[in-house]
Amino acid sequence: MKKSTLLRAGAIAVSLAFVTAACGSDSEGSVSEDTVVTEDTAAAAVDGVTCDGVSIAFFGALSGDAGNLGKNIRAGADLAVSEFNTANPGCQVGLVDFDSQGDPAQAPALAQKAIDDASILGIVGPAFSGESKAANPLFDAAGLAIITPSATNADLNDNNWKVFHRALAGDDKQGPAIATYIQKTLAAAKVGVIDDASEYGKGLADIVKTTLGAAVVASDSIDPKAADFSAAVSKMKEAAPDAIFYGGYYAEAGKLAKQLRDAGVTATLVFGDGVKDNGFIEAAGPAADGSIITCTCADGASNAEFAAAYTAKFPGETPQTYGAEAYDAAKAFLAAIAAGKTDRAGVLEFLGTYDAAGVTKQIKWDETGEVAGNAVYAYKVEAGAIAVIGLIE
Amino acid sequence: MRDWLIYRTFWDLTVTGVALGSIYALVALGYTLVYGVLRLINFAHSEIFMIGTFASLITATNVLGLPMLEAGDYPYRTGFQLVLILLACLLGSMVLSGAGAVALERAAYRPLRGSGDQFGAVVLAFVTAFVVGLVFFDTPKSNLIFGIIGTGPIAWMYLNIFRRGRQAPRLAFLISAIGASTAITEAVAIWGPRDREQYQTPRVLEKKTLFQLFGTDIRIDYVIVIIGALLMMTALLLFVNRTRLGRGVRAVAQDVETAKILGVNVDFVILITFLLGGVMAGGAAMMFTLVYDQSKFNIGFLLGVKSFTAAVLGGIGNLKGALLGGIVLGLAENYGSALFGGEWKDVIAFVLLLVVLMFRPTGLLGESLAKARV
C-alpha cells in the first residue's frame with residue numbers, strides 16, 4: 001500500500017520535474033544597455049529624425065543548444081540599431097532582447113511579454129521555425145510586425161499571418177537545392193536522411209526526401225535531447241549511403257557526425273542552415289571535416305562594407321550566419337521609424353511597400369511575406385572552418 | 001519497409017544497447033540503493049551523474065591539461081599513459097560524484113529526517129541565505145557576505161523547526177529532491193563558463209574496432225563500458241553482501257527501528273548508501289564521457305528519468321534488478337527505435353515499463369534490497 005502511494009508521488013514528481021524543466025529560465029525581456037549611444041546629443045540634434053521611446057526587439061535563442069545562432073542575429077540587429085542611433089541623435093531606438101532558448105514551449109509567454117511592451121514596434125525574429133509557429137499567431141493578433149532573419153520552414157507563410165516577413169528564402173527553396181547538390185555535385189546514388197523531429201529539421205528533411213524520391217535508402221528521426229543516436233547510426237551503417245542529410249541544429253549535428261564517423265560511416269555529410277555555425281565544428285571535432293552545409297543566407301563577410309562595420313562594432317569578430325539578414329531586417333524597421341511611423345500599424349503598412357537594397361539582397365516582400373530571390377549557397381567545412389563554395393544552381 | 005533493417009542491424013543494436021544499458025544500470029543503482037534504505041526516490045541523483053561528467057571533464061582538461069584538439073586531430077594517447085588518464089578521470093568522477101551525493105544527503109535530506117543535524121541545518125541555512133541574497137545583490141562577493149551573515153539566524157530557525165525526532169512528511173523529501181535537482185542544474189547552467197551550451201570532453205581513447213562478433217564491429221569503448229559496469233556491480237554486490245557495513249545497509253533496509261536498537265548507526269549507514277550510489281553514478285558518468293565526449297548542465301535529466309525507469313523495471317530496491325532493468329531498457333530502446341523509428345524511442349521505453357508493471361507490479365526481479373541474499 002505504502003509503496004504504491006510512494007510510486008504515485010514519484011509519478012507526480014516526474015511530471016513536476018518536466019514542468020520545471022520547461023519553465024526554468026531566465027529569459028526575461030531586458031533592454032540592453034550597449035545600444036544606447038552616450039554621445040552629446042544636444043549638439044547634433046539639428047538634423048536627423050526625432051522620436052521618443054521607440055524600440056525594436058530581438059526574439060530568439062541567446063542561450064541553450066542553438067544559442068550561437070541567436071547571438072549572431074542579435075549582433076546584426078544591434079549593429080543596425082547603433083548605426084541608426086549614431087546618425088539620428090534625436091531618435092534613440094532601443095533593442096530589447098527576448099531569449100526564448102529556442103524552445104517553442106516558452107515562446108508564447110515571451111511573445112506576450114513583447115506585445116505588452118508598447119514601445120516595441122517590430123520584432124527581428126522569432127529566430128527558429130518551431131518557436132515561430134508558437135509565437136507568430138500572437139504577434140499576428142496584436143498586429144506587431146515580425147521579420148525573421150532565419151526561420152526557414154516552408155509552411156510558415158501559409159498561415160495568413162499579416163505580420164509575417166522573412167529576410168531569406170524558405171526551405172521550399174533550400175530543400176530542392178540540397179537535393180540537387182547531393183545528386184548532381186556529390187553524384188550520390190544512395191542517400192540517407194535523418195531529422196531531429198523539430199519543426200525546422202523535419203520540415204526540411206521531408207522536402208529533401210520528397211525531392212530525392214527513390215534515392216533515399218534509409219531515414220530516421222533522432223531525439224535531440226538524447227546523447228545516444230546508435231539506432232539511427234546502425235541504420236545508416238547498414239544502408240551504406242553515399243551521402244547523409246541531417247535536418248536539425250548544430251549542437252546535435254556535431255554529436256551525430258561524431259557518432260557516425262566513430263561507427264565507420266564514410267558517407268559525405270550534408271546539413272542545412274541550422275548547422276552553419278562554428279559550434280558544429282566545436283562539437284564534431286575532426287568529424288566535421290568535409291561536411292557540406294547549405295544556407296539561403298548570404299555570407300555576410302563577403303560584403304566588405306558590412307563586414308568592416310561589424311568588426312568595428314564587435315572587435316575581433318566577423319559576421320556569422322544570419323547576421324547580415326538580421327541587419328537587413330532591423331534596417332527595414334528603422335527605415336519605418338525614420339519615415340515617421342511610430343505605431344505598430346504604421347510600421348506594418350510601411351513594410352508592405354518597402355523596397356530597398358540590403359546587404360544580402362534587394363529587400364522587398366510579396367503578400368505572403370516572402371522576400372524576393374531564391375539564392376541557396378553551399379559551404380564546406382575545411383580544416384576546422386566553414387568556407388563558402390558558392391551558389392547552388 | 002523498415003523492418004528488414006532490424007535483422008541486419010540486430011547485433012549492432014545489441015552491442016550499443018547493452019553499452020548504454022550498462023550506464024543506465026549504474027545510475028539506476030543509486031536510485032535503488034536509496035529507495036531500498038530510505039523508501040525515498042532521490043530525484044536529485046541525475047544531478048550527481050551530471051557532476052560526474054563535469055568531474056571527468058575537469059580532470060582531463062584542467063588537472064591533466066589535455067587539449068581538445070592536437071594538430072587538428074583528437075589528443076589520442078596509447079598504452080600505459082592512456083590507462084593512467086582513464087583511471088584518473090574515473091577517480092575524479094567517483095570522488096566528486098560521491099562527495100556530491102553525501103553533500104546532497106546532508107543538506108537536502110538529513111535535516112528533514114529530524115535527526116537534529118546541525119551541519120545540515122547550517123549548510124541549508126547558508127544556501128537559503130545565499131539564494132535570498134541573489135534577489136538583492138548582483139556581485140558574488142556581496143552575495144557571499146550576505147549568505148554568511150544570514151546563516152546564523154536561519155540555521156537557528158531550521159534547528160528549531162527540525163528538532164530531533166521530528167520527521168518531515170514523506171512528500172517533503174520529494175519536494176526537497178526536486179528542489180535540489182533544479183538548484184544544481186541551474187547553478188551549473190548559470191555559473192558554468194559556457195552557460196546552457198554543451199561542453200566537449202577531450203577524446204583520449206581512439207575508438208578502434210577490437211574484433212568482430214556476428215559480423216558486427218565491437219569497439220573498444222563499448223567493451224570498456226560493459227566490463228567496467230560489470231566490475232563495479234560485482235564490487236557493490238560484494239560490499240553489500242559480504243562486509244560489516246554492507247550488513248548494516250541491509251539491516252536498515254529491513255527495519256530501521258530494530259537496526260537502531262541493535263546498535264546500527266543509521267545516519268552513518270544512510271550516508272554510506274548515498275556515497276555508494278554517488279560513486280556508481282560517477283563511474284557511469286566517466287564511461288558516458290568516454291563514449292559520447294560531452295556534457296551539459298541538463299545531461300542528467302533524460303538519463304536520470306531513464307535510469308529511474310530501469311530501476312523500477314528491474315524492481316526498485318533490488319540491486320540485480322537495476323542491472324537487468326538497465327540492460328533490458330537499453331536494448332528495448334535500440335530495437336524499438338530501429339523497428340518503429342527513432343521518434344518512438346521514449347514511447348517504447350515507457351510502454352515496456354507499463355506492460356511489465358501490469359504483470360509484475362514489483363518489477364522484473366521484484367524483491368527488495370532487504371530480502372536480497374547471496
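Trainee: Which residue of chain B does the side chain of Lys258(A) meet in a salt bridge?
Mentor: Lys258(A) meets Asp293(B), with 3.2 Å from N to O; keep in mind that this is a predicted model, so the distance is a computed one taken from that prediction.

Trainee: How many salt bridges are there between chain B and chain A?
Mentor: The count between the two chains is seven, and there are also 14 residue pairs in polar contact between chain B and chain A, with both residues at pLDDT 80 or more.

Trainee: And which parts of chain B supply that side?
Mentor: Several elements of chain B each supply at least two residues, among them α1 (4-8), α2 (10-38), β3 (216-219) and α11 (266-292), while α7(B) gives the most, with six residues. By class, the side of chain B that touches chain A has 19 nonpolar, eleven polar and 19 charged residues.

Trainee: How many residues are in contact, and what area is buried?
Mentor: On the chain B side 49 residues are in contact with 49 residues of chain A, and the area buried between the chains is about 4200 Å², of which carbon and sulfur atoms give 56%. Within chain B, the residues that lose the most area to chain A are Arg196(B), Glu197(B) and Phe301(B), which together make up 13% of what that side buries.

Trainee: Switching to the fold of chain A, what is the strand order in the sheet of seven strands?
Mentor: The order is β8-β7-β9-β10-β11-β14-β15, in an open sheet with mixed pairing.

Trainee: Why does one side of β8 and of β15 lack a neighbour in the sheet?
Mentor: In chain A, β8 (216-221) and β15 (385-391) stand at the edges and each has a single partner strand, so one side of each is left without a neighbour in the sheet. From one strand to the next, the twist averages 25°.

Trainee: How do β14 and β15 of chain A run, parallel or antiparallel?
Mentor: They run antiparallel, with six bridges joining β14 (residues 377-382) to β15(A). Across that pairing, Tyr379(A) stands opposite Val388(A), and Val381(A) stands opposite Ile386(A). The two strands form a hairpin with two residues between them, and Ala383(A) in the turn has a positive phi of about 50°.

Trainee: What lies across the other end of the sheet's order, over β7, β8 and β9?
Mentor: That is helix α6 (residues 199-212) of chain A, which runs at about 160° to β7(A).

Trainee: Back to salt bridges, what does Glu370(A) pair with?
Mentor: Glu370(A) forms a salt bridge with Arg166(A), the closest N and O atoms being 2.6 Å apart. This pair links distant parts of the chain, since Glu370(A) is in the loop between β13 (362-364) and β14 of chain A whereas Arg166(A) is in strand β6 (residues 164-166), 204 residues apart. Over all chains, the whole structure has 26 salt bridges.

Trainee: Last topic, the backbone: which peptide bond is cis, with omega near -10°?
Mentor: That is the bond from Gly125(A) to Pro126(A), and Pro126(A) lies in the loop between β4 (120-124) and α4 (129-142) of chain A. Another backbone point is Ala187(A), where phi is near 50°, a positive value in a residue other than glycine; Ala187(A) is found in the loop between α5 (171-185) and β7 of chain A.

Methods. Residues are numbered from 1 along each chain as its sequence is written. Chains are lettered from A and ligands numbered from 1 in the order in which they are written. This is a predicted model: local features need pLDDT of at least 70, side-chain atom pairs count only at pLDDT 80 or more; totals for chains, interfaces and linings use all residues. Side-chain values use heavy atoms; hydrogens and water are left out. Contact means heavy atoms within 4.5 Å. Buried area is the accessible area (1.4 Å probe) that two parts lose on being put together, summed over both. A salt bridge is a side-chain nitrogen of Lys or Arg within 4 Å of a carboxyl oxygen of Asp or Glu. A polar contact is a pair of N or O atoms within 3.5 Å; within protein, one must be able to donate a hydrogen and the other to accept it, and residues adjacent in sequence count only if both atoms are side-chain atoms. Helices (H or I, at least four residues) and strands (E, at least two) are DSSP runs, numbered from the N terminus. Ala, Val, Leu, Ile, Met, Phe, Trp, Tyr, Cys and Pro count as nonpolar, Asp, Glu, Lys and Arg as charged, and the others, Gly among them, as polar. Two strands pair if DSSP finds at least two bridges between them. Axes are lines fitted to C-alpha atoms, for helices over the stretch in contact, and angles run from 0 to 180 degrees between N-to-C directions.
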